[in-house]
Amino acid sequence: MLRDITLEIEKGELLVLLGPSGCGKTTLLRCLVGLEKPGKGSVELGDKTVVDAARRIFVQPNRRDIAMVFQNYALWPHMKIAQNVAYPLKSRRMKNEIQRGRVEEVLKVVQCEHLADRFPPELSGGQQQRISLARALAPRPALLLLDEPLSNLDALLRIELRAQLRMLHRELGFTGVYVTHDQEEALALGTRVAVMKEGQFEQIGKPNEVYSRPATEYVADFLGARNRLELHSNGDGSARVGGSTLPGFVRPGFKGSYALRMRDGDMLLRPAGTRGAGAEEGRYWVTGGELGEVLPTGDHAEHIVRLGDQTLFIDVPSRLGALAPEQAVEIGLKPAHVLCYDTDGRLVDDWAPAR
């Protein structure tokens with residue numbers, strides 16, 4: 001269910017709706033295309049009202065200048081590729097576009113012109129999704145909707161098609177709304193990113209802004225800052241973090257209880273007792289950790305650390321040396337790489353001492 005959604009999509013932008021399953025992303029997409037009929041509110045496409053619940057206006061999907069790319073390709077298996085791409089042109093009575101070579105043009109745009117005479121079952125998943133995109137682009141819709149179009153593809157192919165889609169958006173300048181639960185995909189593709197929670201927008205902004213300054217703890221967690229430690233300070237500049245007292249960790253006068261959020265690569269590890277636990281080059285060390293497991297991933301290794309009743313995930317470059325499971329460790333924090341949130345889950349600025 002959507003609640004109090006207000007959204008304006010600028011011409012030529014690719015807005016990414018990001019969030020977990022059930023947060024309302026696809027429901028919003030279905031309301032835009034006309035597969036859902038909102039009980040309240042309105043939807044305008046350009047200067048045309050396509051939904052207004054109060055005035056009982058509801059324009060059917062086939063009468064909206066909108067195209068959609070689905071997760072499961074949705075190609076007609078009995079039609080050749082060229083026929084699939086031509087279908088929306090025929091249904092919109094745009095035969096002149098077919099005669100002018102629009103089908104061949106969009107197939108060339110997605111680098112699939114050599115597949116025109118083949119049938120969808122003869123193609124790979126990546127090729128089918130390219131054809132699905134070509135079909136959606138063929139009638140030059142005012143709005144292109146993409147519902148997790150890359151989720152059925154393997155990891156390497158997703159990266160390849162992600163890059164191609166970004167290039168196409170830059171070259172063609174189409175207006176689009178893209179749904180995904182993949183944060184990397186959202187940050188790579190979106191001109192703006194809207195993070196959703198329980199049918200509402202939690203934060204909307206440019207990708208780098210949303211990533212570097214998540215407005216709420218929910219957004220921080222969803223965008224990779226999954227490590228959480230509690231901070232308690234009495235205002236003297238020291239703080240109690242993860243069972244350790246860190247002198248100078250917060251600015252003087254900053255007091256109360258807060259939540260700290262860190263991404264896996266924002267922390268360091270070292271064997272317990274290596275050096276003093278004070279600040280070194282702006283890094284503060286939390287003691288009392290125990291290494292549970294090490295998961296090598298090439299030039300990095302994911303370290304799973306137990307700290308009291310909490311579990312932290314710390315990504316450490318392999319060049320810094322190997323640590324062994326069950327080894328006592330200390331956790332290095334830099335305030336500049338730490339996000340701080342109040343008890344309401346809102347981002348707190350100016351909590352750390354100036355550097």
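The following conversation asks how some elements of this predicted model get their descriptions.

Biologist: What makes β5 and β9 the edge strands?

Modeller: In the open sheet of six strands, the order is β5-β6-β7-β1-β8-β9, with mixed pairing. Strands are DSSP runs of E with at least two residues, helices are runs of H or I with at least four, and both are numbered from the N terminus. Two strands pair if DSSP finds at least two bridges between them. β5 (66-69) and β9 (200-205) each pair on one side only, and these are the edge strands.

Biologist: How do you know that β1 and β7 pair?

Modeller: Strand β1 (residues 14-18) and strand β7 (residues 176-180) have five bridges in the parallel sense, and because the definition asks for at least two bridges, they count as paired.

Biologist: Which residues of helix α1 are called buried?

Modeller: In α1 (residues 25-33) they are Lys 25, Leu 28, Leu 29, Cys 31, Leu 32 and Val 33, where buried means under 20% relative accessible area (1.4 Å probe, protein chains only). After α1 comes Gly 34, whose phi is positive, near 105 degrees.

Residues are numbered from 1 along each chain as its sequence is written. Local features in this predicted model need pLDDT of at least 70.

Definitions and conventions:
Predicted model: local features only at pLDDT ≥ 70, side-chain atom pairs only at ≥ 80, totals over all residues. Heavy atoms only, no water. Buried < 20%, exposed > 50% of the residue type's maximum accessible area, 1.4 Å probe, protein only.
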